[in-house]
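Hi everyone, and thanks for making time today. Let me put the structure up so that we can walk through it together.

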Amino acid sequence: MRNIFYERFFNTPKKQFRILTIKERNQVSVYAVCCGKYVLNSFYAAWCMLCSIMEIYWNKSVETMEREQIRAIQLERLRSTVQNVYASVPYYRDKMKEKGLLPGDIKTLDNLRDLPITTKQDLRDTYPFGLFAVPMEEIVRVHASSGTTGKQTVVGYTRKDIDIWAECMARCLAMEGADKSSRVQVAYGYGLFTGGLGAHYGTEKLGAVAIPASSGNTQRQITMMIDFGVTHLCCTPSYAMNIAEVLWDIGHTKDDLKLKAGCFGAEPWSDGMRAEIENRLGIRAYDIYGLSEIMGPAVSHECRYQNGLHIWEDCFIPEITDADTDLPVKDGEAGDLVITTVNKEGFPLIRYKTRDICTINYEPCECGRAHARMSKPAGRTDDMLIIRGVNVFPSQIESALLTVGEVQPHYQIIVDRINNLDTLTVNIEISEGMFTDNIRGIEDFEKKVGNQINSVLGINAKIRLVEPKSIARSEGKAKRVIDKRKI
Ligand code: DLL
């Protein structure tokens, strides 16, 4: 009997080879398989061993599973998740009843498409805990992210959920070459945002040293990086650029750091920005993707081949759909990323419409992982902006403005990136009656509006009061947002 204990794919311009290490009657042999034929090949044996030595996995058996195995796990877990939400979440039970669906109707992975789509609006409608699938006694943590009207969307985790999240994050860090000997500075914000605690628990799971720096206080970040011999940095890509600039400004160079790699995400960034960060910090910069509704960071992450982000498919089933019809797009086409969680207890989500525009590639990767790869998100299908890693809906700014009073509903939001840091400026028209030469009065009013925006969004905005009727009136949809960032 042939017992495969190692498998790898190797692409040449014309063909794909499958390299198998097989145990036959106590003898180990390496084969290259091409066009269905097994060929014993010692060159491939050497190549294969070299790759396996170089590749670091956190959970090798799961990360290198074959596609068929992944699909079998997904189906089993999907069926159990659907049973669970039908029994425990009235929202899902009602939606399934509307469609005439029972949990037993989910027989294959294709039946996933029969299930209802979940949107951010559904999370808002069931605020705060309406989609939780376990009693509150079993929830050990909540996180939250922005909603369009100021209401947060709240997500809950059981102890097992926190452990699975840490497992996913540990796999991501290992893909960057981190291990027990690494020192990981977590400069994502700690708090309701998932970035800080998500990266922190993953680092501890890996057995590396977690340095919970949180974001801000850049000079102190640099001092810690130098003094503690930090090897891995986790933060938003724009903050990584900021750190790189301050490093230079205060008279240090990348040679003063022991940094090897960075795990950057939570906002869109380009390959150009990657090259800048890598060059300035002397590291490899990896992309990490996630969203609080699904879990937080570590839904997907790049391997060292950096040709897409591997989605942990034993936990999440991705689909790409048309943003308007929710129907699947053709293989390889871009569309709205929809994710179903299959092993979450506290807050399982069925077909969550992320609004991130991506493509998915199911080809096995040279790193040995068959988990699908998503492209970097190319944008969003809604109007959500991500400013310094914070999710901002224009309507949140509008409601903050209108609560101040004396403000006309004529405003324009200008987002820019200056010295690699996002800036937010809000131009607001004041009423005729308010127009004044009193500079102090204007300053006080700008401060009041700025404070209100900060209390809603948690970020600073520059407020500029402009003369009555100076903002162009629209004849259709008002152009409220000017995003000058080139990402
Ligand atoms: O941003 C979770 C996270 C923390 C991911 C740290 C990576 C690192 P939310 O605040 O809920 O969660 O925002 C989720 O951010 O739907 C995307 O639009 C965007 N986003 C996240 N990662 C990336 C990325 C966290 N690598 C929203 N590239 C998502 C582009 C990203 N956009």
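**A walk through the model**

Let's start with A266, which is buried: 28 other C-beta atoms lie within 10 Å, and the cut-off for that word is 20 or more. Before we go on, please keep in mind that this is a predicted model.

A266 sits in the loop between strand 10 (261-265) and helix 10 (271-281). Its phi is near 85°, a positive value in a residue that is not glycine. A266 also belongs to the closest residues around the ligand, along with G195, G265, L291 and P297.

So let's stay with the ligand. How many residues surround the ligand? There are 24 of them. Helix 7 (194-206), strand 11 (284-291), strand 12 (296-302) and strand 16 (352-358) each give two or more residues to that shell. Which element gives the largest share? That is strand 11, with 5 residues. Sorted by class, the shell holds 10 nonpolar, 9 polar and 5 charged residues.

Strand 17 pairs with strand 18 (residues 373-374) in the antiparallel sense, over 2 bridges.

Now to helix 9, residues 237-249. Its 13 residues should span 18 Å at 1.5 Å a residue, and the end C-alpha atoms are 19 Å apart, which agrees. Which residues of helix 9 are buried? They are P237, S238, Y239, A240, M241, N242, I243, A244 and L247. These buried residues pack against helix 8, strand 9 (232-235), strand 10, helix 10 and strand 22 (421-430). Just after helix 9 comes G251, with a positive phi of about 90°.

In soluble globular proteins, nonpolar side chains tend to be buried together. In this model, the largest nonpolar core has 91 residues, and M169, L173, C234, A240, V299 and F316 have the most contacts inside it. Helix 6 (residues 159-175) gives the largest share of this core, 10 residues. Another core lies apart from it, with 19 residues, including L385, I387, L424 and I463.

What does C234 touch, leaving aside its neighbours within four places in sequence? The contacts are V184, Q185, V186, A187, Y188, A199 and C263.

N217 lies between strand 8 (209-211) and helix 8 (218-227). Is N217 buried or exposed? With 12 C-beta neighbours inside 10 Å, N217 counts as exposed, because the limit for exposed is 12 or fewer.

The other stop is P128, in the loop between helix 5 (120-125) and strand 5 (139-145). The peptide bond that joins Y127 and P128 is cis, with omega about -5°.

That is the end of the tour, so over to you for questions.

Note on methods: Residues are numbered from 1 along each chain as its sequence is written. This is a predicted model: local features need pLDDT of at least 70, side-chain atom pairs count only at pLDDT 80 or more; totals for chains, interfaces and linings use all residues. Helices (H or I, at least four residues) and strands (E, at least two) are DSSP runs, numbered from the N terminus. A nonpolar core is a set of buried Ala, Val, Leu, Ile, Met, Phe, Trp, Tyr and Cys residues joined through C-beta atoms within 7 Å. Two residues are in contact if their C-beta atoms, placed from the backbone, lie within 7 Å. The expected span of a helix is 1.5 Å times one less than its number of residues. A residue is near a molecule or strand if its C-beta atom, placed from the backbone, lies within 6 Å of it. Ala, Val, Leu, Ile, Met, Phe, Trp, Tyr, Cys and Pro count as nonpolar, Asp, Glu, Lys and Arg as charged, and the others, Gly among them, as polar. Two strands pair if DSSP finds at least two bridges between them.
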